[in-house]
Amino acid sequence: MKKILIVEDEEAIGILMCRTLLSEGYLCDWVRTGTDGAKQIEKASYSLILLDIMLPGLNGYELLEYIRPLGIPVIFVTAKGRVSERVYGLKLGADDYITKPFQVSELSARVEAVLRRSGSHGQTLTLDDVTVDFEGRTVTKNEVPVSLTAKEYGLLVELIQHKNVALSRSQLYETVWNELYTGETRTLDCHIQRLRKKLGWEERIRTVFRVGYRLEV
C-alpha cells in the first residue's frame, strides 16, 4: 500500500487531503511545518509527498532541496498560482503542481498520475551484489541489509541518478546536505569513503581528479 506524506500548515486543507487519500486506499501522515516534514522523512518511507510552499520553519522550496536526493516524487499544493511560480517549482524538481483551492477529484487524479509516472521509484536497482530498494529506502549486499546514514543514502541516490556522470563535490554537498559548499572536502570525502567500504564499491565510485566523484555502471 502506498504511503503519502502531507506537509501542510492549514488544518482544514490537511484534514481534507488526509480524508481524500484514505478514502482512495492510501496511507498518509500529516505534519504542519517544513522542519517536521524533514524529520518525518528521516523516520519513515514514502511513495509521494504533497508539499505546501508557505510553511513555518523550512519553506516548501527548501524542503524540496532536501527531498530531491531521496528520489521521492513531490507535488506542490499551494496558493502560489502564478505561471512564473508554477514554472519555478517544476524547474526545482517538483513532479506536479496543484493550486489552491482545488477539487478533491483533481487531487486524486494528480496523485494517481504522479505515482504511475514514477513507477521506477517503486523498483529496485541491482549492481554487482548490491540491491537498492528505492521505495523502501533499503540497501542490501548479498541479501544482507546494509546500514546507511541518511547522508550516505542521499549520496548513493544522487550517484545512481547521475550514473557515469562526473559530479562535482559542490553539487553533491549542496544537494545532500542542503548547505552552501565552502570548499571544505573532509566531510563529503569521509562519507564517500564509508559508502565505498560498506558497498564494496571501491572500483565503482571513482574519484574524478579536481572535480568530485562518478559512479561507473
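User: Over how many bridges do strand 1 and strand 2 pair?

Analyst: This is a predicted model, in which local features need pLDDT of at least 70, side-chain atom pairs count only at pLDDT 80 or more, and totals for chains, interfaces and linings use all residues. Residues are numbered from 1 along each chain as its sequence is written, and side-chain values use heavy atoms, with hydrogens and water left out. Strands are DSSP runs (E, at least two residues) and helices likewise (H or I, at least four), both numbered from the N terminus, and two strands pair if DSSP finds at least two bridges between them. Strand 1 (residues 3–7) pairs with strand 2 in the parallel sense, and the number of bridges is 5.

User: Which strands stand at the edges of the open sheet of 5 strands?

Analyst: The order in this sheet is 2-1-3-4-5, with parallel pairing. Two of its strands each have a single partner strand, so one side of each is left without a neighbour in the sheet; these are strand 2 (27–31) and strand 5 (96–99).

User: At about what angle does helix 5 run to strand 5?

Analyst: Axes are lines fitted to C-alpha atoms, for helices over the stretch in contact (heavy atoms within 4.5 Å). Angles run from 0 to 180 degrees between N-to-C directions. Helix 5 (residues 104–117) lies across strand 1, strand 3 (48–51), strand 4 (74–78) and strand 5, and its angle to strand 5 is about 175°.

User: In the open sheet of 4 strands, which strands are at the edges?

Analyst: The strands follow the order 6-7-8-9 with antiparallel pairing. Each edge strand has a single partner, so one of its sides lacks a neighbour in the sheet; the two are strand 6 (124–127) and strand 9 (144–145).

User: Which residue of strand 9 stands opposite Lys-141?

Analyst: Strand 8 (residues 138–141) and strand 9 run antiparallel and are joined by 2 bridges. Opposite Lys-141 stands Val-144.

User: Which residue's backbone nitrogen does the side chain of Thr-33 reach?

Analyst: Thr-33 is found in the loop between strand 2 and helix 2 (34–43). Leaving aside neighbours within four places in sequence, Thr-33 is in contact with Val-7 and Pro-56. At 2.9 Å, its side chain reaches the backbone nitrogen of Asp-36.

Key
A polar contact is a pair of N or O atoms within 3.5 Å; within protein, one must be able to donate a hydrogen and the other to accept it, and residues adjacent in sequence count only if both atoms are side-chain atoms.
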